[in-house]
Amino acid sequence: MGQKHQQTNDVKRFLESYEKGLLGKKAIAVVAHTTAKLGTGWRHTYIKRRIGGVVTLCCSTCGSPITIYDHGMEVPATAEEDMGQKRLFCRAKVSGYALDEEGRVKRDEDGKPVWEKRECHAPLFAKRCGR
Ligand SMILES: [Zn+2]
């Protein structure tokens, strides 16, 4: 980012110019990356992990792939655009010690910590800095 390529936002015009040979054979369409203007002072947060050769967006808290709904199917997000315009929470199931209302490790009758599977529920957004 920050590197200024010559941008041709109008793809149609680009192709026309390309056909006329105006841009030369090596012209590469740099389609403007439409970074969704979220505008409300927050941004998506995620880490990128390569899973089976595919760069997948993952929760920065538990590291599980962030899943989104695409036509009713739950699929991992592979691009920030996949995350849409809404604030998301991690839906991954993680294992951990059960916590009570005060955030302490819950214990069973024998005093052993209770291990459970629960939803990570980490926020996948953060306040945007520098605004
Ligand atoms: Zn998570």
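A: Begin with two terms: helices (H or I, at least four residues) and strands (E, at least two) are DSSP runs, numbered from the N terminus. Two strands pair if DSSP finds at least two bridges between them. Here strand β4 (residues 67-70) and strand β5 (residues 73-76) run antiparallel and are joined by 4 bridges. This is a predicted model, in which local features need pLDDT of at least 70, side-chain atom pairs count only at pLDDT 80 or more, and totals for chains, interfaces and linings use all residues. Residues are numbered from 1 along each chain as its sequence is written.

Q: What is the bridge partner of Ile-68 in β5?
A: The partner of Ile-68 is Val-75. The two strands, β4 and β5, form a hairpin with 2 residues between them.

Q: How should I read the confidence of the model?
A: The protein chain averages a pLDDT of 80, and 69% of the residues score at least 70. Among the elements, strand β3 (residues 54-58) has the highest mean, 96, while helix α1 (residues 11-19) has the lowest, 68. Over residues 29-34 the pLDDT stays under 50, and the model has 9 contacts for them beyond four places in sequence. A contact means that the C-beta atoms of two residues, placed from the backbone, lie within 7 Å.

Q: How many helices and strands does the protein chain have, and in what order do the elements run?
A: The secondary structure comes to 1 helix and 8 strands. From the N terminus on, the order is α-β-β-β-β-β-β-β-β.

Q: In what sense do β2 and β3 pair?
A: Strand β2 (residues 47-51) pairs with β3 in the antiparallel sense, over 5 bridges. Arg-50 stands opposite Val-55 in β3, and the bridge partner of Ile-51 in β3 is Val-54. The hairpin of β2 and β3 has 2 residues between the strands, and Gly-52 takes a positive phi near 55° there.

Q: Which residues other than glycine have a positive phi?
A: Two cases can be named. His-71 is not a glycine, yet its phi is positive, about 50°. His-71 lies in the loop between β4 and β5. His-121 also is a residue other than glycine, with a positive phi near 60°. His-121 is placed in the loop between β7 (115-119) and β8 (125-127).

Q: How do I decide whether a residue is buried or exposed?
A: Count neighbours: a residue is buried if 20 or more other C-beta atoms lie within 10 Å of its own, exposed if 12 or fewer, and partly exposed in between, with C-beta atoms placed from the backbone. His-71 is exposed, because 5 other C-beta atoms lie within 10 Å. His-121 counts as partly exposed, because it has 14 C-beta neighbours inside 10 Å. Of the 131 residues of the protein chain, 8% count as buried.

Q: Which residues make up the largest nonpolar core?
A: In soluble globular proteins, nonpolar side chains tend to be buried together. A nonpolar core is a set of buried Ala, Val, Leu, Ile, Met, Phe, Trp, Tyr and Cys residues joined through C-beta atoms within 7 Å. The largest one here has 8 residues: Tyr-46, Leu-57, Cys-58, Cys-59, Ile-66, Ala-77, Cys-90 and Leu-124. Leaving out residues up to four places away in sequence, Leu-57 touches Tyr-46, Lys-48, Ile-66, Ala-77 and Thr-78.

Q: How do I read links between residues that are apart in sequence?
A: Ser-95, in strand β6 (residues 93-97), is 20 residues from Trp-115 along the chain, and their C-alpha atoms are separated by 7.1 Å. Apart from neighbours within four places in sequence, Ser-95 is in contact with Trp-115 and Lys-117. Ser-95 counts as exposed, because it has 9 C-beta neighbours inside 10 Å. For the protein chain, residues 24 or more positions apart account for 48% of the contacts with a separation of 6 or more.

Key. pLDDT = per-residue confidence, 0-100.
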